[in-house]
Amino acid sequence: MRTVTPIQTASPPSRDVEAAFTNWKWQQQNALTSVNDLVRTFPPLAGTPLLARISRRLGSRKLGLTPYYVNLIERDAHGLPRVDDPLWLQVVPTWTEDSNHALSYDGESENWELPHEIVTPICQHKYDNRVIIRAVNVCHAYCQFCYEALRTLETESDKGKFKKSDWAATLKYIADHPEIDEAILSGGEPLMHADPQLAGLLRDLRALRPDLIIRVHTRALTFNPYRITEALVAALRETRVTAVGVHVAHPREITAEFIAAVGKLRSAVPLLFANIALLAGINDSLPVMKELCLTLYRNGVLPHYLYQFMPFSPGDTQFSSDISRGIAIVSQMKRRISNMAVPEFVLPHKTGKFTVPLHLPGEAPQLESREGREFMNFRNWKGEPCVFPG
Ligand code: SF4
């Protein structure tokens, strides 16, 4: 388990930086948001071809790294971020090539927000019984592969900012549609709302219906675990939030601070689960994924979904991994560790998630009938052929 200690920051540290470092707002105020901030934090970057490349990529795209997250990035002997550091690679656009295939990100295509599902500017009625509410378009830090890039990464996003009138319309929509069982607060990063505002949103939702399932998704534990304040925990408890979805990508993100934040959330929220994006060079290997999922499980967070990288996201030349690689990783995990630590591997299709069958070629189970009885032919956890009953 890693512990983060305050070191270098983008702004000159104040005398009481030690105390300030654990304040989530201080983390946001001191986040690295420009190429100049990168150079101040990693001086050997100045004048390098890498910096020129990053600078070009950031033409219309946001950058964001909290000082906390910066401290987790490993440096080489020259003080440069390690070229293969999985944390650095997620938040800084370092890739050398641009893809131009039909599915690549073009800053216009949007794979998630199908017009016929958008019921207010911030609310999407997805599946039969759920609404996704995009409560904000900003984040604690910016993943350069973001699936919501048009909202979050684009500096000139045309997605509307959160407005009270849109919130009121969203509440009315939920009230008018009793088939909605669940409201999912998403974003961007919903925890970018300050505690009083977020508590107000949660109270509004809870006031609609006592049995409404309220779910909150966040990447705060990775980028700014100090965001899990006592006031936030109290609001989650008071409004009986059902579940918090923790977004995480690499075992090195699970620090002592991350685990402390999990403990606070667990004191108020019945269900914590993790969503993980499969990212080439970051976590698309069996040892890394296994360590990530076991560490989450060990600390009370169930690995829930592993998402295939979505082709319409930025950085596909760097982050895209084959579907067959995801199948191999998850099927091997299923044969080695508890199922509760194994996420469901899904394709994030615009019509809805699709669970990928995990059978390797020639290993799909077969159901057959003989003499009026059904038999299932399958492979057991060791890969041996078996028949049930038998
Ligand atoms: S925190 Fe989530 S919404 Fe924000 S940039 Fe990262 S993946 Fe996108």
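**View 1. Strand 12 (residues 373-379) pairs with strand 13 in the antiparallel sense over four bridges.** Two strands count as paired if DSSP finds at least two bridges between them. Helices (H or I, at least four residues) and strands (E, at least two) are DSSP runs, numbered from the N terminus. F378 has C386 in strand 13 as its bridge partner. The open sheet here has three strands in the order 11-12-13, with antiparallel pairing. Strand 11 (366-370) and strand 13 (385-388) are the edge strands, each pairing on one side only. From one strand to the next, the twist averages 25°. Strands of a sheet pair through backbone hydrogen bonds, either parallel or antiparallel.

This is a predicted model: local features need pLDDT of at least 70, side-chain atom pairs count only at pLDDT 80 or more, and totals for chains, interfaces and linings use all residues. Residues are numbered from 1 along each chain as its sequence is written.

**View 2. Strand 6 (residues 243-247) and strand 7 (residues 271-277) run parallel, joined by five bridges.** Which residue is the bridge partner of H247 in strand 7? The partner is N275. Together with helix 12 (residues 256-266), strands 6 and 7 make a right-handed β-α-β unit. Right-handed means that, with the strands pointing away from the viewer, the path from the first strand over the helix to the second runs clockwise.

**View 3. Strand 7 also pairs with strand 8 (residues 302-307), in the parallel sense and over five bridges.** Here A274 stands opposite P303 in strand 8. The chain passes from strand 7 through helix 13 (residues 286-298) to strand 8, in a right-handed β-α-β crossover.

**View 4. Helix 9 (residues 195-208) packs against helix 11 (residues 230-238) at an angle of about 5°.** Their axes are 10 Å apart. Helix 9 is therefore roughly parallel to helix 11 (angles under 35 degrees count as roughly parallel). Axes are lines fitted to C-alpha atoms, for helices over the stretch in contact, and angles run from 0 to 180 degrees between N-to-C directions. D195, L198, A199 and L202 in helix 9 meet A231, L232 and A235 in helix 11. Residues are in contact if their C-beta atoms, placed from the backbone, lie within 7 Å. The contact of helix 9 with helix 11 has six nonpolar residues, no polar and one charged. Ala and Leu count as nonpolar, Asp as charged.

**View 5. The domain assignment gives domain 1 (17-91), domain 2 (115-355) and domain 3 (359-390).** These bounds come from an automatic or database domain assignment. The C-alpha centres of domain 1 and domain 3 lie 52 Å apart.

How values were computed
Angles under 35 degrees count as roughly parallel, over 145 as roughly antiparallel, 65 to 115 as roughly perpendicular and the rest as oblique. Two residues are in contact if their C-beta atoms, placed from the backbone, lie within 7 Å.
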